[in-house]
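Dear colleague,

Please find below the structure that I am handing over to you. My findings follow it.

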Amino acid sequence: MTRLDLQIGLLFSTTGAYGRVAHTQLNGAQLACDEINADPSAAVTFHPVHIDPESDLHKYAPAVQSMFDRGIRHICGCYTSSSRKEVIPLFEKHDALLWYPTHYEGFESSTNVIYTGAAPNHHMSPLIDFLCARFGRRAYCIGSNYIWGWESNRVMREELQRRRGEVVAERYLPVGETDMAAIIEEILETKPDFVFNALIGESSYAFFRAFRETCEARGIEQTTRFPIASCNLSEPELRAIGPVGADGQISSSVYFSSLAGERNKRFVEAYGKAFPEGPVVSAEAEAAYVAIHMLAKSIADAGTASVGAVLEAAAGQVFDAPQGRVTIDPETYHAALTPRIGLSRADFEFDILLEAPEPIAADPYLVSSTTTFEPAERRRNVRVVQ
C-alpha cells in the first residue's frame, strides 16, 4: 500500500487557565506523530495542524470549523468536557472523528468520538472505594463550575449515599478563580473525613497551596486530617502547585510517569528529550500519545483515512501503551484502561498505592456494580505502599 500523507488536527489550549496540562497533551500527540513519521513501515505520514483555543470555550467551534475547511477530518483534542460537548455537533454534522484523550465524567457515547482517556469507573469508582475504606464517608466536594465538576461531584454524592455516607457541602468556583479563603474556612468548620477536589487548572493549584498554608498556620497536619483526593492531579500540576502543598495528595488515574516497565521508561525518556522545556509528562499526555498511535493503526488496518472505515478499524483496536495494554471497545468506543491510585511526593512524582491487576473495560454509564480493586487477600499483582 502506498504511504498516505494526511493532515490531522491537534486542538489543545496551550495557554489560559488549563494550558499547562493541555500543553502536555499537545506534546504527547506530537511525539506520537514524530514516531509514526520516522517509522518506515508505517502506513501514514501525519502532518499535524495545531490550533490553541486559549482555554476559551467560545474559540473551540471556530477552530474545529477552520480545520474542517482545510479538509481535516481526524482531530485529537479538547481537555475540558465543556469544550468536547461544544464541538461534538460539528463532528456529527461533518462526519468527522474526534479522538478525545482526557479523563472525563462519563455518561456520553458518540460514534464520532473515540475516548482514550479514563471513564468514571477507571477513576471515580476506585477512588471512592479507597477513600471510604481509608478515611471515612463524610466528604466536602469542591469543583470548577462546569460539567466536569458537576458530574464528578454528583457521582461522589450518589456513591456515598449508597454507602450511607454524606457530602457535608458542595461548592463550585468559576474556572480560573483563585480566592479560596471562604472555601477553606468552611472545610475547617464542617470537618469532613476527606476533601474531593474537582477544580481544574489554576483554581486547583491555588486551592492546594492555600489550604496547606492555612493548615500549617493553625497547627493542622493537612494530609492526615483533611486528605485531598482528585481524579485530575498529574505531575505537571504538582510542579505548578510548588513546594507548599504538592506532597501527600491523592490522585486516581490510569497513568503515572513513575510506572515501572521498559515501555514506560522509553516513553518518559523520549518525551523528556523531545520537550526538555516541559511541561513534564502527564496522564493526558499519555492518552494523546495513545490516541495518535491508535489512529495510525486504524488507518493502516482500514487501508484508507475515510472516517467510516477508520471507525470500523478502531473497534477492538489494541495498543501496548506506556500504561499497559489499551483496547478500544467496539460498542462504546471507550478504551479499556488500568486504574491506579497514587500519592504525590515532594519531588513532584507519585508513589503508586493501588493498581488494578489488568485493564478494566470502560463503563461510561456506571451500569456495573463491580468494584475495581478486590479485597487485599484476593488481589493479584497489586502493589501497596504503606
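P174 is partly exposed, with a relative accessible area of 48%, where partly exposed lies between buried (under 20%) and exposed (over 50%), for a 1.4 Å probe and protein chains only. This is a predicted model, in which local features need pLDDT of at least 70 and side-chain atom pairs count only at pLDDT 80 or more, while totals for chains, interfaces and linings use all residues. Residues are numbered from 1 along each chain as its sequence is written, and side-chain values use heavy atoms, without hydrogens and water.

P174 belongs to the loop between β7 (166-173) and α6 (181-190); helices (H or I, at least four residues) and strands (E, at least two) are DSSP runs, numbered from the N terminus. Leaving aside neighbours within four places in sequence, P174 is in contact (heavy atoms within 4.5 Å) with N145 and S203. The C-alpha atoms of P174 and L199 are 9.2 Å apart, although 25 residues separate them along the chain.

The largest nonpolar core contains 125 residues. Such a core is a set of buried Ala, Val, Leu, Ile, Met, Phe, Trp, Tyr and Cys residues joined through side-chain atoms within 4.5 Å. Among the residues with the most contacts inside this core are F46, W99 and F207. Not counting residues up to four places away in sequence, F207 touches several residues, including I142, M180 and L199. Helix α11 supplies the largest share of the core, eleven residues.

In α11, residues including L295 and I299 meet a group in α12 that includes A309 and V310.

Yours sincerely
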